[in-house]
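Me: I have a protein model open and I want to learn to read it. Can we go through it feature by feature?

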Amino acid sequence: MTPTPLVTATEVGKVVTTAEGELTILQRISLNVASGESLAITGPSGSGKSTLLGILAGLDLPSFGEVELCGESLTRLDEEGRARVRAESVGFVFQSFQLLPGLTALENVMLPLELHGSREARSLATDYLKRVGLAERLTHYPQQLSGGEQQRVAIARAFASQPRVLFADEPTGNLDIHTGATIIDLLFDLNREQGTTLILITHEERLAQRCGRRVHLVAGALEPERNAEHNPALASEHNPQEA
């Protein structure tokens with residue numbers, strides 16, 4: 001039985017108006033992502049990867065086509081409705097960490113939980129920071145943390161709300177090779193543990209290979225999909241559907 005898609009894009013396109021005329025960023029993208037699946041979006045710079053991620057996450061709207069996220073039609077909701085879906089079901093990890101400099105590591109992780117009305121924000125935030133190896137950094141501010149530690153805080157913040165879908169945009173882009181490898185392991189450990197659907201943008205082949213599927217964008221269009229069948233060990237270990 002085919003799993004019901006958790007994220008669906010149907011004939012999605014994005015066109016913007018520039019001084020030189022209309023510019024097509026995405027060309028009729030159709031894509032299904034099932035619950036618990038891990039998907040890498042790859043492609044050269046300027047191919048439309050971040051635009052596609054933003055549309056799938058409800059941060060942006062397509063010029064045409066339909067997007068459904070967790071059973072809700074994002075293209076038929078207003079911004080308040082899309083914000084509600086994101087708050088209830090979505091987590092984000094960005095290349096630039098997106099931590100608030102005036103808050104400690106603990107407070108950064110607590111904030112979205114508190115905004116969502118959690119009465120256990122402090123205990124949940126503490127638990128997830130411990131799980132990412134930052135038990136001794138709870139009261140440190142972002143500027144007191146290394147890049148890898150800041151990204152760990154961002155991952156703890158994303159997973160603490162137990163999202164159904166986690167979107168990651170170049171999560172290892174600002175990290176050295178060793179730290180990036182640690183962050184990759186952490187992402188997939190938590191992904192497998194919680195059964196979270198993972199959709200990420202990456203230029204890194206080692207990160208793309210950890211995903212069960214990948215799609216490749218060139219000039220805003222999808223090339224035929226590749227999957228992890230060439231490496232069954234990776235596919236079975238890191239894709240919850242195949243485990």
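This is a predicted model: local features need pLDDT of at least 70, side-chain atom pairs count only at pLDDT 80 or more; totals for chains, interfaces and linings use all residues.

Me: What does buried mean here, as a cut-off?

Reply: A residue is buried if its relative accessible area is under 20%. Over 50% is exposed, and anything in between is partly exposed.

Me: How do strands hold on to each other in general?

Reply: Strands of a sheet pair through backbone hydrogen bonds, and the pairing is either parallel or antiparallel. Now look at β9 again. Strand β3, residues 38-42, pairs with β9 in the parallel sense, over 4 bridges.

Me: Which residue of β9 does alanine 40 stand opposite?

Reply: Arginine 214.

Me: In which direction does strand β10 run relative to β9, parallel or antiparallel?

Reply: Antiparallel, with 2 bridges joining β9 to β10, residues 221-222. Leucine 217 stands opposite leucine 222 in β10.

Me: What do β9 and β10 form, and how many residues lie between them?

Reply: They form a hairpin, with 2 residues between them. Check alanine 219 in the turn: its phi is positive, about 50 degrees.

Me: Is cysteine 70 buried or exposed?

Reply: Buried, because its relative accessibility is 14%. Glutamate 11 is at 36%, so it counts as partly exposed.

Me: What order do the strands take in the sheet that holds β1 and β4?

Reply: The order is β2-β1-β4-β5. These 4 strands form an open sheet, and the pairing is antiparallel. Strands β2 (21-34) and β5 stand at the edges with a single partner each, so one side of each has no neighbour in the sheet.

Me: How many bridges join β4 to β5?

Reply: There are 2, and the two strands run antiparallel. For a pair to find on screen, take glutamate 68, which stands opposite serine 73 in β5.

Me: Now helices. What is the general idea?

Reply: An α-helix has 3.6 residues a turn, so residues three or four places apart point the same way. Keep that in mind for helix α3, residues 105-115, where leucine 106 has its place. The buried residues of α3 are Ala105, Leu106, Asn108, Val109, Met110 and Leu113.

Me: What do those buried residues pack against?

Reply: They pack against α4 (121-131) and α5 (147-160).

Me: Which residues does leucine 106 touch, leaving aside those up to four places away in sequence?

Reply: Arg122, Ala125, Thr126, Leu129 and Leu138. Leucine 106 counts as buried because its relative accessible area is 8%. For another distance, take phenylalanine 159: 53 residues along the chain from leucine 106, with 14 Å between the two C-alpha atoms.

Me: What comes just after α3?

Reply: Glycine 117, with a positive phi of about 85 degrees. Compare helix α1: just after it, glycine 58 has a positive phi of about 80 degrees.

Me: How many residues of α1 are buried?

Reply: 6 of its 8 residues, so to read the helix, look at residues 49-56 as mostly covered. The buried ones are Lys49, Leu52, Leu53, Gly54, Ile55 and Leu56.

Me: Let us zoom out. How many helices and strands does the protein have?

Reply: It has 8 helices and 11 strands. Of its 243 residues, 49% count as buried.

Me: What radius of gyration does the protein have?

Reply: 18 Å. A compact globule of 243 residues would have a value near 18 Å, which agrees. The C-alpha atoms fill a box of roughly 50 × 40 × 40 Å along the principal axes.

Me: How far apart along the chain are the residues in contact?

Reply: Take contacts with a separation of 6 or more: residues 24 or more positions apart account for 68% of them.

Me: And the surface and charges?

Reply: The accessible surface comes to about 11500 Å², of which 49% belongs to carbon and sulfur atoms. There are 21 positive and 31 negative charges, and their mean positions are 3 Å apart.

Methods. Residues are numbered from 1 along each chain as its sequence is written. Side-chain values use heavy atoms; hydrogens and water are left out. The radius of gyration is taken over C-alpha atoms; the globule rule is 2.2 Å times the number of residues to the power 0.38. Buried means under 20% relative accessible area, exposed over 50%, partly exposed in between (1.4 Å probe, protein chains only). Contact means heavy atoms within 4.5 Å. Accessible areas come from the Shrake-Rupley method with a 1.4 Å probe; for residues, only the protein chains shown count as cover. Lys and Arg count as positive and Asp and Glu as negative; His and the chain ends are not counted. The place of a charge is taken as NZ of Lys, CZ of Arg, CG of Asp or CD of Glu. Two strands pair if DSSP finds at least two bridges between them.
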